[in-house]
Protein chains: 4
Amino acid sequence: MLKAGIIGGGGYTAGELIRVLLYHPEVEINFVLSQSQRGKLVSDVHDDLVGECYLHFTDEVSFDVDVLFLCMGHGRSRTFVESHAIPENVAIIDLSNDYRLDESFVYGLPELHKAAIKQSKRIANCGCFATAIQMALLPLASQHLLQDEVHVHAITGSTGAGQSPAPTTHFSWRNNNLSIYKAFNHQHLGEIKQSLRHLQPSFDKAINFLPVRGDFARGIYASAYIDCDLTEEEACQLYEDYYAEAPFTHLSRKNPNLKQVVNTNKCILHLEKHGNKLLIISIIDNLLKGASGQAVQNMNLVFGKAETMGLQLKSVVY
Amino acid sequence: MLKAGIIGGGGYTAGELIRVLLYHPEVEINFVLSQSQRGKLVSDVHDDLVGECYLHFTDEVSFDVDVLFLCMGHGRSRTFVESHAIPENVAIIDLSNDYRLDESFVYGLPELHKAAIKQSKRIANCGCFATAIQMALLPLASQHLLQDEVHVHAITGSTGAGQSPAPTTHFSWRNNNLSIYKAFNHQHLGEIKQSLRHLQPSFDKAINFLPVRGDFARGIYASAYIDCDLTEEEACQLYEDYYAEAPFTHLSRKNPNLKQVVNTNKCILHLEKHGNKLLIISIIDNLLKGASGQAVQNMNLVFGKAETMGLQLKSVVY
Amino acid sequence: MLKAGIIGGGGYTAGELIRVLLYHPEVEINFVLSQSQRGKLVSDVHDDLVGECYLHFTDEVSFDVDVLFLCMGHGRSRTFVESHAIPENVAIIDLSNDYRLDESFVYGLPELHKAAIKQSKRIANCGCFATAIQMALLPLASQHLLQDEVHVHAITGSTGAGQSPAPTTHFSWRNNNLSIYKAFNHQHLGEIKQSLRHLQPSFDKAINFLPVRGDFARGIYASAYIDCDLTEEEACQLYEDYYAEAPFTHLSRKNPNLKQVVNTNKCILHLEKHGNKLLIISIIDNLLKGASGQAVQNMNLVFGKAETMGLQLKSVVY
Amino acid sequence: MLKAGIIGGGGYTAGELIRVLLYHPEVEINFVLSQSQRGKLVSDVHDDLVGECYLHFTDEVSFDVDVLFLCMGHGRSRTFVESHAIPENVAIIDLSNDYRLDESFVYGLPELHKAAIKQSKRIANCGCFATAIQMALLPLASQHLLQDEVHVHAITGSTGAGQSPAPTTHFSWRNNNLSIYKAFNHQHLGEIKQSLRHLQPSFDKAINFLPVRGDFARGIYASAYIDCDLTEEEACQLYEDYYAEAPFTHLSRKNPNLKQVVNTNKCILHLEKHGNKLLIISIIDNLLKGASGQAVQNMNLVFGKAETMGLQLKSVVY
């Protein structure tokens, strides 16, 4: 059994990690650290765990674990890592954006860096939008087919904004509402471009990305299009080949809808060719494939477990 | 033209008041006071008013108006009234609960106290749950038919909780969710009982009231039942007679649904008899008939205007 | 008083028309025709009208009216017009797409053809997506600034799909869900291009349009971007000038959200410049500015009424 | 490995069964029968299963299985059973209401009849409302404490109405809406009373049950209250004792919310005493603990498996 510690245990991504690890057959949760919740039952904060989890939050960190998940939020992971002498043999999986552009960590996208992840104990888990968008574009980059501007539109659930209250996460505001934010400037563009250039070093075109706040809690629905000379069938073949070894990423020949992936670690892709435009639809659950599920997938790879272990999750579907 | 001033202009009920008064044919808004928003455009805070309203929030109160609407929240209205020398001829319509049990104000439910409202300049506007529930029970009380315990269940939209963020108004929590709060103890029971005893002084039975947080923004769906010897037809006749002069309160012979009243000042009632139980369904928009719409209805009565003036609002329906 | 007849009275757009016309100060509804609902009370079908409307559906058409609204659905308007001898002096406002590309009708977008509408009795009311997208692009076309491909993404509420049940309008499916449909091929592209070429005859670039089914009932949230050499301020000035005489179309300097326009006849626009890309956000209520509200706006123009008469509607906002 | 056949495979409960059985460690799905979908991929109909399930629907029944799940809808199970010679050793778990009041089947509520279920091969799986309400009342009945009328209110998700379209399952209608149906007369009252009398044969009081259509897809939020002389602590003790051996049914000392159980097989209960009223809140997922999850729980018991096998499901929580 792997022993896991979770730092920053009160937030959404930590909650999802706990839910997944609780039934992972080869992990036991050693501790869940939260300064603000210390002493409380984990199930008093993540209250769906009533009857399933009897852990209490602690405020004392321990490095007598196999893997540490850092769920503290952007900026605080680096501070934590730099201020503690974490043994090298303890795997660190960081869910913040602190190390995603940093060579001291492997960028934790199994569909791109599976071999490197297996060899590393320092993993920078990908951003949620970044995961959905990379899935849409990596196969093209692998063939150096990103030859023009890319047009990306992605709609995210409210959990992507975390649990701190904000005007745009107030139910009275967000219910039945939509709005664009950070148009063309979202912070995930950096990690997306890094990955695309890993495969297609010459890529220098714009990624025109409009992120949208959706009126649902979970999921990212991303669409991308680009001029492309492949036929629809050639493109489908390319994607199926590229993701042949990816157990969670599937090409759907039918036009998909977001709820096909909600509450799962899957990414479903769909391709359509219209004129010379190749449309790629990419859907994930932002908290699972876009955060905690992918973190466990990375953990499985780091420790040589089956990639899907503990991650065969029932979708909510309705 | 009546000149209106609004105190506490940044919240939900003030926003609704402004929306209604803006197109009221015999009112002009003299000022909207908000300490926290002073200097800002009203349409920067109530942003649906872009292009329709060019007022700025002020922080200076003026009593050179015909009517003052107090929208500051519970407890603060009394402080305001007691610390200012408001001229007697200025009508005060208080949307808080500060004066609802206080004889110095008329309880502002037109379906119960229309004559008194017309004679008064001090109106305590009713609570939202209180409005929906009284509508369901007043006709029975008027005939002294509340002879047993009353069982009431009412589900409210999130706007009933105001705009300050709370864990239970976070979108990620409330979307698709439900929860009961203040079971059997909601603060509106006091004003409800006061009204019922006004009509049926002997009423001394329990009102078993379960308030529920619903996963929608506007509206209250209330149901009540009680043992009753009237036939369904007799009960319908009683309700139609009682509300014959109420221009916003209607009996529906068909089973209603909440959205029939959302964004209107209407109350729709429906009766069914099952065995000896009389079921009454009562639906309102909590921000209009349950707050700002009723405030304008009261203002119309105080100033001898047509009761429906400015209040013939299009429902959102879908 | 204008006498109005409504043909095809059981659907969503007819319901909205009735709601608006009921309180229009210079219109009376002469009849509402529906074969399927004949004999029923209008308020039994459009049940939010309980207590407000005592009309019954008829199945007999009359041309003793000033204006006929055709709400029967696409394809059926032309059949109706061609099979009846409608007097020339009876204004026809057709809400289907049958005559939008037909020179015998004026295309009913007041922001483009106000003068022609005032002179005509045959109006082809615009499509909902078409309205939102044209509002975003007309000012640019007016200056011949559409010099490159346009990228458009628009998310619509479920009422856009009408009231006939479909798998994609089932609540269990659509709640919290998203999906793209008719990518690059939506039928409204024809009328959009016709209007753009009316202003900029040389326009021959692609409009890359992704329509999305949103998980809300009312509203369209459209975004468009294009390469543009104007500064943000120049662009704002252009839009304010273009819409100076448009009483429902407003430029917001703040980033808007969909609910600012829901249940109103307004269109709110917002501009941002990012690099050389001009982003335009355009939001409307699909049933009002995108259908029945615009139909009444057109009627007002045809009969020389104030353009906003009967259309100063309270937004639902929350 | 147990071999399972599913009859009536295209509906919601069959979909949920397939999702659960797919990762059940000791079951393999032998066939999924659907006349209407025959030949199609299961994942074309239950499209969240893309990449996970490669079965095709069949229209040929086989009895070479260990367990048959009947998911055909009410009335059709009895017809199927009576018209086929199903071997006695094949377990039948019927998800319709056909056999719930029939002594030839064991009523499949493990919290009431665990021993009998273990001895039987004919199981009538409980209704969804019936499950939630029985969970709230069984401990009281076990002590003969149902001495007065019971007041029950329960709000259900849209999946409870099945996938056939109906006016009340249209998204445009149901979104943000509420309505009561079958007040005091819901068909589940029969099975509820049968169970209560099994524990408290003298029970003859009314169960006043108001079912409500909620504006969410999954879950039932039920509340019940009754006059009761137990203290809150005594009542909690009674419930904890009664459910001591129930692995999915838990008493929460905190006031719960519906999403704590959505997408799980759990039932969470909560008790509050107000005056002499005992309030019981009971929440389940209608498709899992209220249908397919409970069916698998029953299957586990019939075949001597661990009761929770395959049912440790991650809640959707947000």
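Predicted model: local features only at pLDDT ≥ 70, side-chain atom pairs only at ≥ 80, totals over all residues.
## How chains C and B are related

Residues are numbered from 1 along each chain as its sequence is written, and chains are lettered from A and ligands numbered from 1 in the order in which they are written.

## The two faces of chain C

Take the contact with chain B: 28 residues of chain C meet 28 residues of chain B, with two residues in contact if their C-beta atoms, placed from the backbone, lie within 7 Å. On the chain C side, helix H1 (residues 12-22) of chain C brings the largest share, four residues. Helices (H or I, at least four residues) and strands (E, at least two) are DSSP runs, numbered from the N terminus. The make-up of this side is 10 nonpolar, nine polar and nine charged residues. In this scheme Ala, Val, Leu, Ile, Met, Phe, Trp, Tyr, Cys and Pro are nonpolar, Asp, Glu, Lys and Arg are charged, and the others, Gly among them, are polar.

Towards chain A, 31 residues of chain C are in contact with 30 residues of chain A. Here the elements of chain C that each supply at least two residues are strands S8 (150-156), S9 (179-180), S10 (207-213), S11 (220-227), S13 (267-274) and S14 (277-284). By class, this side of chain C has 13 nonpolar, 14 polar and four charged residues.

## Two domains in chain A

An automatic or database domain assignment sets the domain bounds. For chain A it gives domain 1 (2-124 + 289-302) and domain 2 (128-286), and their C-alpha centres lie 25 Å apart. Where they touch, domain 1 of chain A puts in 15 residues and domain 2 of chain A 25 residues.

On the domain 1 side, the elements giving two or more residues are helix H4 (110-118) and helix H9 (288-302) of chain A. H9(A) gives the most, with six residues. That side of domain 1 holds six nonpolar, six polar and three charged residues.

## Helix H7 of chain D

Which residues of helix H7 (residues 189-199) of chain D are buried? They are D:Glu191, D:Ile192, D:Ser195 and D:Leu196, where buried means 20 or more other C-beta atoms within 10 Å of the residue's own, exposed means 12 or fewer, and partly exposed is in between, with C-beta atoms placed from the backbone. They sit on the same side of H7(D), because they cover an arc of only 135° around the axis, taken from the directions from the helix axis to the C-beta atoms. Their cover includes strand S6 (106-108), helix H4 (110-118), helix H5 (128-142) and strand S10 (207-213) of chain D.

## His144 in chains A and D

Most residues other than glycine have a negative phi. A:His144 has a positive phi of about 55°, and lies in the loop between helix H5 (128-142) and strand S8 (150-156) of chain A. A:His144 counts as exposed because it has 12 C-beta neighbours inside 10 Å.

Over in chain D, phi of D:His144 is positive too, near 55°. D:His144 is in the loop between H5 and strand S8 (150-156) of chain D.
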